[in-house]
Amino acid sequence: MTSEHADDASEPQATHRPRTSRVALTWSGEPGRLEELTHGMLLDQAERAAVALRRLGVRAGDRVAVHLPLVPESVIVTLACGQLDAIRRTLPVSLTAPELAEQAREMDARVLVTADAAFWDGAIRPVKAVLDRALARDAAGPRAAQCPVLVVNRCSRPVRWVPGRDRWWHEALAEG
């Protein structure tokens, strides 16, 4: 038995919570960028995300559309949806604007979560700009075009902003 497992055996069995100081998520993205979140950090951010989503009107059974690359915030929003008993729906970042518009209309999300941009194949690619084009299309439907959009700042790229609709993810989480 390793010391890690021995430590686990000495913890009370009734809690069933991971040690909050252990690494729960390791993410490596663009060259030179590595992020590690402990269990405590991940649970804290998930709780703050759940509070932010609740403030935006998300309730049990509501859909939250997630248009994110593979980044830690994707895991965090998934955990937040679990806390709210909301339904997390994926809008792949590889979809074109017309495909996104069709899926956004079909899923009837209460909130959309996207990123400013993403780094892949050695380049920074727009993410929010594609979603904006999709939401501007009639095919997205009136609810999708007006639902709140939380924007994760991953690449610090300038993005077009729709006042009253768009909010920075980090600011929404800080309000909780």
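Trainee: Which residues is Thr114 in contact with, leaving aside its neighbours within four places in sequence?

Mentor: This is a predicted model, so take the contacts as computed. Thr114 touches His67, Leu68, Val127, Lys128, Leu131, Val149, Leu150, Val151 and Val152.

Trainee: Where does Thr114 lie?

Mentor: In strand β5.

Trainee: Buried or exposed?

Mentor: Thr114 counts as buried, because its relative accessibility is 0%.

Trainee: OK, the sheet. What is the strand order?

Mentor: β4-β3-β5-β8-β9. That makes 5 strands in an open sheet, with parallel pairing.

Trainee: Which strands are at the edges?

Mentor: β4, residues 87–90, and β9, residues 166–168. Each of these pairs on one side only. From one strand to the next, the twist averages 25°.

Trainee: How many bridges between β8 and β9?

Mentor: There are 3, in the parallel sense. Strand β8 covers residues 149–152.

Trainee: And what stands opposite Val151?

Mentor: Trp168, in β9. Val151 is also one of the contacts of Thr114.

Trainee: Which helix packs on the sheet there, and what does that helix touch?

Mentor: Helix α5, residues 128–136. It touches β3 (63–67), β5 (111–115), β8 and β9. The direction of α5 makes about 145° with that of β5. Lys128 and Leu131 are among the contacts of Thr114.

Trainee: Changing topic. How many salt bridges?

Mentor: The count comes to 13.

Trainee: Stay with α5. What does Asp132 form with Lys128?

Mentor: A salt bridge, with the closest N and O atoms 2.8 Å apart. Both residues lie in helix α5. They are 4 residues apart, about one turn of the helix.

Trainee: Are those two buried or exposed?

Mentor: Asp132 is buried, and Lys128 is too. For Asp132 the call is buried because its relative accessible area is 7%.

Trainee: Which Arg forms a salt bridge with Asp132?

Mentor: Arg160, with the closest N and O atoms 3.6 Å apart. This pair links distant parts of the chain. Arg160 sits in the loop between β8 and β9, while Asp132 is in helix α5. They are 28 residues apart.

Trainee: Why does Arg160 count as exposed?

Mentor: Because its relative accessibility is 55%, and the cut-off for exposed is over 50%.

Trainee: Which residues do the shared partners join into one network?

Mentor: Lys128, Asp132, Arg160, Arg165 and Asp166.

Trainee: What about Arg55 and Glu175?

Mentor: Their side chains meet in a salt bridge, 3.5 Å from N to O. That pair also links distant parts of the chain, 120 residues apart. Arg55 is in helix α2, residues 39–55. Glu175 is in the segment after α7 (169–174).

Trainee: How accessible are Arg55 and Glu175?

Mentor: Arg55 has 40% relative accessibility, so Arg55 counts as partly exposed. Glu175 is partly exposed as well, with a relative accessible area of 46%.

Trainee: Last topic. How many disulfides?

Mentor: The search covers the whole structure and finds 0.

Trainee: Are Cys81 and Cys155 buried or exposed?

Mentor: Cys81 counts as buried, because its relative accessibility is 1%. Cys155 is at 15% relative accessibility, so Cys155 counts as buried. The cut-off for buried is under 20%.

Conventions
Residues are numbered from 1 along each chain as its sequence is written. This is a predicted model: local features need pLDDT of at least 70, side-chain atom pairs count only at pLDDT 80 or more; totals for chains, interfaces and linings use all residues. Side-chain values use heavy atoms; hydrogens and water are left out. Two strands pair if DSSP finds at least two bridges between them. Helices (H or I, at least four residues) and strands (E, at least two) are DSSP runs, numbered from the N terminus. Axes are lines fitted to C-alpha atoms, for helices over the stretch in contact, and angles run from 0 to 180 degrees between N-to-C directions. Contact means heavy atoms within 4.5 Å. Buried means under 20% relative accessible area, exposed over 50%, partly exposed in between (1.4 Å probe, protein chains only). A salt bridge is a side-chain nitrogen of Lys or Arg within 4 Å of a carboxyl oxygen of Asp or Glu. A disulfide is a pair of cysteine sulfur atoms within 2.5 Å.
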